[in-house]
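Thank you all for coming; I would like to take a few minutes to walk through one model, going from its ligands to the place where its chains meet. Please keep the sequence and the picture open while I talk.

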Amino acid sequence: MKIVVCVKEIPDPDIAASVFQVDEAARAVVPVPGLRSVASPFDEQAIEVALRLRDQLGSAAISLVTLGDETAKAIVKNGLALGADDAYLLVDEAFDGGDATTTARALAAAIRKIGGVDLVLTGRQAADDDAGIVGCGIAEILGVPAVTFAMDVAVDGGALVVERSLGDGSETVEAPLPALVTVSHEVGKVRPASLRETMKAARQPLTVGTAADLELTAGDVGAAGARRTLERLAVPKNDVRCEFLAGESPEALAATLIERLSAARIL
Amino acid sequence: MSNPVRALVVAETSDGQPIPLVWEMLGLARRWADETGGAVHACVLGDGLDAAAVALAARGADRVHRIASPSLSPYQADAWLPDVCAVARAVGPAAVMIGHTPQGADLAPRIAFRLDAGIATACNRASWTAGRLEVTRPCYGGKAEETVSFRTATAVVTVKAKCFAPAPAQAARHGDVVAVPTVLDAASVRTRVRGSRRDASAGANLESANIVVAGGGGMKGPDGFGMLERLAVALGGAVGASRVACDLGWCPPGRQVGLSGKTVAPELYLAVGISGAGQHMAGCVNSKTIVAINTDAAAPIFRYARYGVVADCHALVPALIEVLESKAR
Ligand SMILES: Cc1cc2nc3c(=O)[nH]c(=O)nc-3n(C[C@H](O)[C@H](O)[C@H](O)COP(=O)(O)OP(=O)(O)OC[C@H]3O[C@@H](n4cnc5c(N)ncnc54)[C@H](O)[C@@H]3O)c2cc1C
Ligand SMILES: Nc1ncnc2c1ncn2[C@@H]1O[C@H](COP(=O)(O)O)[C@@H](O)[C@H]1O
């Protein structure tokens, strides 16, 4: 079985709101000191799902694909250290100014080029744009079924069996391969990379590709191919003033809080 | 905002009726149509659904496309796609509006790619500027928000719950309800649902509750949630949780509030032992009043709270229950 996992490099989603900044004129996040670059957490979990499938099946070829900057190398190296077999890095100025549509196009073209792929795994949403578009977009372009919000993925007699989250429950969905699955956080913990594998991965070459390598034209990708325009990026305003309640004991604090809420007609 | 705005609202239903978020989308679409002389279309797919179609007309849809077929229920993306796309192509709306729910988030991107339309998900504001739709949506885990416009004649947007005023029901209002035959070819449905589990206790009342008591890592374990449950009963509210608490199995995943959980906007949101990460706040910032209980006075939750109590919740919550219960006696 051949599996491709799409992994995106993003600014650490756990950065504190108090240090996070955007440059409104540039419509971009400010790379403040200490803001690490990481693999989007759901994508790490997608790698974990691929590794679990390989454990289950005894063998599977796992490729990583990322579209981004040169800096994304570090992120895919980490994926290789976890046990992926190879990695493709799509870097090209022609991709600049793209959107979910152009990203899905480029990733779908890379998956076609890799060839013979049975299963594509993505995160349910990237933790920078929080959008959840690219996964289903790739599936539509490739013409394969997509199953979203996976909590558990198994292969049973050549068919895919996915337990997917519905918010207030879950459902079990079967799909023929090839297919695409978007992975949700319920799949749980990801395994750590071993030091030995990390050293090995550091020396492993990556395949770097451009739009031309994917036989995509300038009109397909980047700003020219995008379906939307980013007009503004801002930090949301927050004008709430917190009134800290004082009290000597939990009982006194509790009584004060209930009093306040009653006086404000909230209770 | 000069050109007449035509919008198509895709109605998700539950127990035969549109979910409340559909009224919020209709409210928005109706406002656009009234201000520009446009029109509101709605489509509803499933088995039967006469009552839902009538309700959509009563809440502001000028035309309801009712597509009834047993193959369309329960929802499956593969089954719904051909019909929703067919209606969208026939109507030619400026915006296809879909609720940002697990179902809508599964459906919307596929519709956008089939229609070759621009798409934005989880929108919480929308406006027309010089005849162009601009939507605003949270990103970077709620730490930023972006405003985007579209380069395609039709845009697909998923709308976040509790961000827009719902359209009121007007019993006397009648729109056209048209029965549209399904275009679905059963062979195009590649997926098959083997079974499903509904977690009835998980938080069905969470999104509609006036008071939500939510617990996080500070609850320290399932017993902490037992205590919150009692506080919720004393307040007449529902229990919510942070992802940390759900991931650790202290309470069911259906109680999760936030970016990858539910969106709530109660009168009172009492955050107990919750740090206030942007991804959590994305699900509750629209609450009328937020109250935070946290041992750490520097916790980000206090930036959103109207009232703050710096205290150990394991001492404060029992004291709150005592005050409320003695008032009730
Ligand atoms: C892509 C993505 C999506 C996410 N989606 C969600 C989501 O939908 N919902 C969500 O909630 N999170 C989500 N998260 C996780 C989020 O970033 C935070 O990690 C999470 O919300 C933290 O939960 P918490 O505040 O309960 O736990 P912690 O960070 O562990 O904080 C516990 C808090 O309790 C306080 N405390 C400790 N002991 C006590 C005590 N005895 N009494 C009172 N206070 C005490 C501490 O001071 C601290 O502030 C997401 C993250 C990512 C990256
Ligand atoms: N630039 C990218 N490179 C690789 N994978 C991506 C990229 N952008 C999005 N993806 C994949 O698509 C998923 C959904 O992204 P999005 O639609 O942006 O929220 C992510 O979790 C990734 O798996």
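Predicted model: local features only at pLDDT ≥ 70, side-chain atom pairs only at ≥ 80, totals over all residues.

Which polar backbone atom is 2.6 Å from an oxygen atom of ligand 2? The atom belongs to A:Ile133, and the pair is a polar contact, by which I mean a pair of N or O atoms within 3.5 Å, where within protein one atom must be able to donate a hydrogen and the other to accept it, and residues adjacent in sequence count only if both atoms are side-chain atoms. Taken on its own, ligand 2 has 480 Å² of accessible area, and the protein covers 98% of this, with accessible areas coming from the Shrake-Rupley method with a 1.4 Å probe and, for residues, only the protein chains shown counting as cover.

Residues are numbered from 1 along each chain as its sequence is written, chains are lettered from A and ligands numbered from 1 in the order in which they are written, and side-chain values use heavy atoms, with hydrogens and water left out.

Staying with ligand 2, a backbone N or O atom of A:Leu67 lies 2.8 Å from a nitrogen atom of the ligand, and a polar side-chain atom of A:Asp129 lies 2.8 Å from one of its oxygen atoms. There are 18 residues around this ligand, and among those that come nearest are A:Asp43 and A:Gly132, where near means that a heavy atom of the residue lies within 4 Å. Strand 6 of chain A gives the most to this shell, with three residues; helices (H or I, at least four residues) and strands (E, at least two) are DSSP runs, numbered from the N terminus.

Now let us turn to ligand 1, which is surrounded by 29 residues, B:Ser242 and B:Val257 being among the closest. Why is this site shared between chains? It is shared because residues from chains A and B surround ligand 1. A backbone N or O atom of B:Val257 lies 2.8 Å from a nitrogen atom of the ligand, and a polar side-chain atom of B:Gln256 lies 2.9 Å from an oxygen atom of ligand 1. Taken alone, ligand 1 exposes 980 Å², of which the protein buries 83%.

B:Ser242 itself sits in the loop between strand 15 (238–241) and helix 6 (243–247) of chain B, and because its relative accessibility is 10% it counts as buried, a word that means under 20% relative accessible area, with exposed meaning over 50% and partly exposed in between (1.4 Å probe, protein chains only).

Finally, how do the chains meet? In all, 78 residues of chain B are in contact with 82 residues of chain A, contact meaning heavy atoms within 4.5 Å. The two chains bury about 6,800 Å² between them, 55% of it on carbon and sulfur atoms, and buried area here is the accessible area (1.4 Å probe) that two parts lose on being put together, summed over both. B:Phe113, B:Tyr140 and B:Lys143 supply 12% of the area that chain B buries against chain A, more than any other three residues.
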